[in-house]
Amino acid sequence: MLIGKGEANVIGTTMDVYIEGTFLFDKGRKDITYSIKKATVSGFIPVPESVLTKFSKKLNPIFDVDKIGLPMNISTVIYESDKIIMK
């Protein structure tokens, strides 16, 4: 799980934002995506699912093997606290 906290410009106003989600890797594809499970603004206002969906489309994929230009096949992804290892 990855949790992010910070400030973002929301409708022209700087607000505190909290977001949590998980990384997903599908062996049939060649990319890693971030699936947002929960997000709040100002500490308690939930972000609607429709907004999360639009944000996810802009954000993903986090990593795409095809874009690095090397013929690679990834079979395993290991998530550690400070790194992602792809084999």
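Rings of Phe, Tyr and Trp (its six-membered ring) pair if their centres lie within 6.5 Å; planes under 30 degrees apart count as stacked, over 60 as edge-to-face and the rest as tilted. This is a predicted model, in which local features need pLDDT of at least 70, side-chain atom pairs count only at pLDDT 80 or more, and totals for chains, interfaces and linings use all residues. Residues are numbered from 1 along each chain as its sequence is written, and side-chain values use heavy atoms, with hydrogens and water left out.

**View 1. Phe23 and Tyr34 form an aromatic pair.** By the ring rule, the count comes to 1 aromatic pair. The pair is tilted, at 5.5 Å centre to centre and 55° between the planes. Phe23 sits in strand 2 (residues 13-25) and Tyr34 in strand 3, 11 residues apart. Strands (E, at least two residues) and helices (H or I, at least four) are DSSP runs, numbered from the N terminus. Is Tyr34 buried or exposed? Tyr34 counts as buried, at 6% relative accessibility. Phe23 is partly exposed, with a relative accessible area of 23%. Buried means under 20% relative accessible area, exposed over 50%, and partly exposed in between (1.4 Å probe, protein chains only).

**View 2. Tyr34 belongs to the largest nonpolar core.** Such a core is a set of buried Ala, Val, Leu, Ile, Met, Phe, Trp, Tyr and Cys residues joined through side-chain atoms within 4.5 Å. In soluble globular proteins, nonpolar side chains tend to be buried together. Tyr34 also touches residues beyond four places away in sequence, among them Leu2, Phe23, Leu59 and Ile62. Contact means heavy atoms within 4.5 Å.

**View 3. Tyr79, Ile84 and Met86 form a nonpolar patch on the surface.** Together they have about 240 Å² of accessible area. Areas come from the Shrake-Rupley method with a 1.4 Å probe; for residues, only the protein chains shown count as cover. Patches are made of residues with over 30% relative accessible area and no salt bridge: like charges are joined within 9 Å, nonpolar side chains (Val, Leu, Ile, Met, Phe, Trp, Tyr) within 5 Å. Met86 is in strand 7 (residues 84-86). At 32% relative accessibility, Met86 counts as partly exposed.

**View 4. Lys83 and Glu80 meet in a salt bridge.** A salt bridge is a side-chain nitrogen of Lys or Arg within 4 Å of a carboxyl oxygen of Asp or Glu. The count comes to 1 salt bridge. Here the N to O distance is 3.8 Å. Side chains of opposite charge can pair when their charged atoms come close. Lys83 lies in the loop between strand 6 and strand 7. Lys83 is partly exposed at 43%, and Glu80 is partly exposed at 40%.

View 5. The peptide bond from Asn60 to Pro61 is cis, with omega near 0°. Ser42 has a phi near 60°, a positive value in a residue other than glycine.
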